[in-house]
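Here are my notes on the model you sent over. Have it open on your screen while you read, and click through the residues as they come up.

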Amino acid sequence: MENLVALTLGALAGTGIHHSLFINGEWHIQAPAVLVSHLGAFGLIILLYSIVAYYGTGYLVALFTSITIYRIFFHRLSHFDGPFWARVSKLWHVWKVRDSKNHIFLAGLHAQYGDFIRTGPSEITVVHPDAFMVLDGPQTKCVKAEWYDLLHPGRALVTTRDKKIHAARRRQWNRGFSSRALAQYEKKVLFYLGQMDEIIEGNARTGQVCEVTDLFYWFGFDAMGDFVFNKSFDMLHNQKWHHIVVILQKALDLLGPMSPVPWLIQIAFRLLPSFWLVKYWFTMEAWCEEQMRERIQMKLSDDPTRVPDVAHYLIEDLKDPTTATDGWTWLGGDSILAIVAGSEPTAAVLIGLFFELARHPQDAEAINAELRQSRVDITDPVALAKFCPHLEASITEALRLFPALPTAGLRKTLDEAVVIAGTVIPPHTTVVAPRFLIARSEYCFERASEFIPDRWYRKPQMVRNKAGYNPFGIGHNSCLGKTLATDYLRLVTARLVGKYHLRFPEGETGDAVLAHLRDRFASNPGRLRLRLDLREDAVC
């Protein structure tokens, strides 16, 4: 009898705590504490007194039963179609994307369930271009979802969920992206582009295959290190990967399988800091913070004509003793943001673009022809955009097909519902709008999976709904480095296409670029190798 009473009391407690506590608000930040407290309490109960173990059993069984029944039958999203196990737990999603192929997984669900899919207990994936404006437009009622607490308790511009705090910090960043600053940064880009070109020309003259993936990542990280910290990684100079960039790549691998479950990331970070890929994440964080500290101590020229690097603007508020403590909480996170966001996406798009140009040599030749005919200055990105429409269209098409964030950029509705393409999304719902799928939708683009630059200027009828093109985001969450990134792409493409013929090595097709693409928050394409042969009539 006593055992039955203990089971009943435990069951009542489990059901009660679910409906009075866990069903309300966000719990991902508290997940480590919740896990530890439950494990500790019930471990102690079992050891101390056997009858109380019945209470613990009743509690746990009732708690998880209540959660499961509620999510399947009574949740506000219960009328949305989707996989059964997605209704119960996002852990199912983690298992399905353990290979970091979330874009492929969601594509399969889209084919099966349509444009609105319940992909989690409180999550809807929307494969419709109207989602972008609703989620991020000027009148949006949504905020960034729980995933963006990734760096908690640290801060960074990209992870800030509070709109007012984000706007204030973005103003600080904007100072490093003025027209004058961008012109100065472009000189640095051209320097590293010259270093990369030297390696490629050496390979061309000796008949060697170019490891294009390595070169584009080295170029991106070297330029961004100089751009942010006034210090290069020197990977192009040394022709090998910098050890911290290798660690950074391993750290980002964590985000592929674990991004669908923010609370699991918090548990891993707080309770398992030295385990698996988590240890690389903290090594990366420590290194980035150290670079920022070294940059603060760096003695730079007092030349008033010199444009400071981005770090200059990020550390300015440290001079004010009233904001210094708060400022330090931003620097580590912002340094990670600057390095990763500035290097990874640009390299990924370049890999995708050159893969497509090698597959479609007629487009590469069209770019080369307009470079020759226009006699444009290939070191001037503004002139390239103005006088080389096929170059610009090819870059636009690559940005469409290889978005920097294939499925990331989650948003959350607040106390009010929102309407996307006539469908009501209830309050307190996480919404996924996967750019990779929307940009490849036939609803938005004719022959959507094909690389057809002409659609952007010669054949506009092939663009059925331009809202599907959203590589940089919109509104206050749009990419701060959009201008810099597109300038990178113009300068690199004009230089290399104007100087080299592109082709795949014997027996290779380059298909690994897309087939092995991994979605680890940012896009990580498969390996690309090319033969770049010098043109007899090179533009440069």
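1. Let's begin with a contact you can find quickly. The side chains of Arg-411 and Asp-136 meet in a salt bridge, with 2.7 Å from N to O. Arg-411 sits in strand E4 (residues 411–413) and Asp-136 in helix H7 (residues 130–136), so this pair ties together parts of the chain that are 275 residues apart in sequence. A search of the whole structure turns up 32 salt bridges. Do keep in mind that what you're looking at is a predicted model.

2. Now for the largest pocket. Its volume is about 1,600 Å³, and 43 residues line it. To find the middle, look for Phe-22, Trp-27, Ile-67, Arg-71 and Trp-263, which lie nearest the centre. Sorted by type, the lining has 24 nonpolar, 12 polar and 7 charged residues.

3. Which helices build that pocket's lining? At least two residues each come from helix H1 (2–22), helix H2 (31–48), helix H3 (50–74) and helix H14 (262–271). H3 gives the most, with 7 residues. And why does the largest pocket lie between domain 1 (1–117) and domain 2 (157–534)? Both domains give residues to its lining, so that is where it lies.

4. The second largest pocket comes in at about 290 Å³. Its lining is made of 19 residues, and those nearest the centre are Leu-151, Gly-154, Glu-285, Glu-289 and Gly-333. H14, helix H15 (278–297) and helix H17 (324–359) are the elements that give two or more residues here. H17 has the largest share, with 6 residues. By type, this lining splits into 9 nonpolar, 5 polar and 5 charged residues.

5. How many cavities of 30 Å³ or more does a search of the whole structure find? There are 7. Take the second largest cavity as an example: its volume is about 190 Å³. It is lined by 19 residues, with Asn-102, Ser-259, Pro-260, Thr-407 and Leu-410 nearest its centre. The lining divides into 8 nonpolar, 7 polar and 4 charged residues.

6. Helix H6 (102–113), strand E2 (123–126), helix H13 (255–258) and strand E9 (518–520) each supply at least two residues of its lining. Domain 1 (1–117) and domain 2 (157–534) each provide at least three of the lining residues.

7. Turn to the surface and look for a nonpolar patch. Leu-35, Val-36, Leu-39, Leu-271, Leu-272, Phe-275 and Trp-276 form it, and together they have about 650 Å² of accessible area. H2 gives the most to this patch, with 3 residues.

8. Finally, check two spots in the backbone. Most residues other than glycine have a negative phi, and most peptide bonds are trans. A cis peptide bond joins His-152 and Pro-153, with omega at about 10 degrees. Pro-153 is in the loop between strand E3 (142–144) and helix H8 (163–174). Asp-234, although not a glycine, has a positive phi of about 60 degrees. You'll find Asp-234 in the loop between helix H10 (212–229) and helix H11 (235–238).

Technical notes. Residues numbered from 1 in each chain as written. Predicted model: local features only at pLDDT ≥ 70, side-chain atom pairs only at ≥ 80, totals over all residues. Heavy atoms only, no water. 1 Å grid on protein atoms, 1.4 Å probe; cavity = no way out; pocket = protein on both sides within 12 Å on 5 of 7 lines; lining within 4 Å. Points joined across faces, edges and corners; volume = space filled by probe spheres on them. Helix = DSSP H or I, 4+ residues; strand = E, 2+ residues; numbered from the N terminus. Nonpolar A, V, L, I, M, F, W, Y, C, P; charged D, E, K, R; others polar. Domains from an automatic or database assignment. Patch = residues over 30% accessible without salt bridge, like charges linked within 9 Å, V, L, I, M, F, W, Y side chains within 5 Å. Areas by Shrake-Rupley, 256 points an atom, 1.4 Å probe, with all protein chains shown as cover. Salt bridge = Lys/Arg side-chain N within 4 Å of Asp/Glu carboxyl O.
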